[in-house]
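Q: Please take a close look at the ligand site. What surrounds the ligand, and how do the annotated positions sit around it?

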Amino acid sequence: MCGNSLGVLPKRSQKLIQEELEVWGTRGVEGHFDHPHGRHWMYIADTIHPIFADLVGAKESEVACMGTLTANLHLMINAFYRPTQDRYKILCEAKAFPSDQYAFASQVSSHGYEPSEAIIELSPRPGEFTLREEDILSAIARQGSTIALVLFSGVQYYTGQLFPIRTITKAAKEQGCICGWDLAHAAGNVPLSLHDWDVDFAVWCTYKYLNSGPGGIGGLFVHDKWEGQPIRHAGWWGHDPATRFAMPSQFSAIPGAQGFQQSNPSVFATVSLLGSLQIFQQAGGMGPLRERSLRLTGYLEELLHKSKWWITPTRVGELESQDEKQPTLGFTIITPSDPTSRGSQLSLVFVPMGGAIMPKVLKGLETRGVFGDSRKPDVIRLAPCALYNTFEDVERTAAMLEEVMTVVEKEDLA
Ligand SMILES: *Cc1c(COP(=O)(O)O)cnc(C)c1O
């Protein structure tokens, strides 16, 4: 149940990596141009680009398979965050993934701004766990003229909330802001139409729902309306492949997102991703996968709602905001209950809050073979992945949680 954190190993990826090791061992450097399986290393990223384009709803020229998420995020901010005296702020959700927070803070600092002043972090209303669309839109409307960059995560890593990407992007554009997205938890999880939604840029990693393996290679989207924009951090892999190996001294960018490529990509990381993406293709892409994901996640929610320990989020929100004594043992789901506002993940908060309960539950689940993914102090995230989790997995997860809660209750009474 933790494909939102690290997806499972596709057998195909294992085979492809073995093949590349074999080619490296037998052909050496020749593998760049003469490859027994047709995957010339020189063009290895091009095996990914058409599949990326399908996955995120883009043209092939708008995507690049390269680098890693945080590095790509910096690249994109460097390219698109052009603060002026009047317009220099970055708008994001509060409690964004730490790497994103560090990236925003270091970027505004390097332009001479104070992060606490230049970064607007939107928080949920008191007693609530996720952001309301109306509150995001009104923040953009009110402060838009001072905002240079609107940058949210597509699916929030902690709460599992899927933001209305199209609506937020449109509102940001109307205020003259650049709008970028961190799709770490959205790519391979929910359908995306980045081109049609007029997103300026997006970045994502591939080791979560896309199963490329730990530290896998990243992804990048740049809308084709930005084609011809100067590349500020050019490298030889962004240079026109027709003359790349002529080693000219003048940089001539590949048009579109692939002009941002800097280094020759890790072949092992790339084919590991390829093995997984071929399965996405065989499954028919995000349409059928989303359909299955809605049923799987809905089923998990239904079973958890039937639990003896389920508490309404409103009740838990009150407990939290009133800081009152929390006698009840139980859990709630802080992920939106509206399926259109979430992906595959449900985030459970355990009460009493403060870190006493969650670790016990997590350990109990793990000893019973159910692996979720925790965030201290109180959250366990469960993500039934459409590509490989089954309805039986979901039933077993709910049943084991019930068993573990009974044990925790007994321990606490003892
Ligand atoms: C997983 C994740 C990251 C991780 O960044 P890496 O550079 O791949 O280590 C960053 N941001 C978000 C929102 C994430 O979910």
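A: In this predicted model, a polar side-chain atom of Asp 100 lies 2.7 Å from a nitrogen atom of the ligand. Asp 182 also faces a ligand nitrogen, with a side-chain N or O atom at 3.3 Å. His 185 places a side-chain N or O atom 3.1 Å from a ligand oxygen. Alone, the ligand exposes 390 Å², and the protein buries 83% of that (Shrake-Rupley method, 1.4 Å probe).

The surrounding residues are Leu 69, Thr 70, Phe 97, Asp 100, Asp 182, Ala 184, His 185, Tyr 207 and Lys 208 (a heavy atom within 4 Å). This shell holds four nonpolar, two polar and three charged residues.

Local features need pLDDT of at least 70 and side-chain atom pairs 80 or more, while totals for chains, interfaces and linings use all residues. Numbering runs from 1 along each chain, and side-chain values use heavy atoms, without hydrogens or water.

Asp 182 belongs to strand β5, residues 178-182 (a DSSP run of E, at least two residues). Asp 182 is buried, at 3% relative accessible area (buried is under 20%, protein chains only). Beyond four places in sequence, Asp 182 touches Leu 69, Asp 100, Leu 151, Phe 152, Ser 153, Gly 154 and Val 203 (heavy atoms within 4.5 Å).

The unreviewed UniProt entry annotates a "binding site" that includes Asp 100, Asp 182, His 185 and Pro 98. Such annotations may be inferred rather than shown by experiment. The annotated positions span 196 residues of sequence and up to 31.0 Å between C-alpha atoms.

Note on methods:
Polar contact = N/O pair within 3.5 Å; in protein donor to acceptor, adjacent residues only side chain to side chain. Nonpolar A, V, L, I, M, F, W, Y, C, P; charged D, E, K, R; others polar. Helix = DSSP H or I, 4+ residues; strand = E, 2+ residues; numbered from the N terminus. Buried < 20%, exposed > 50% of the residue type's maximum accessible area, 1.4 Å probe, protein only.
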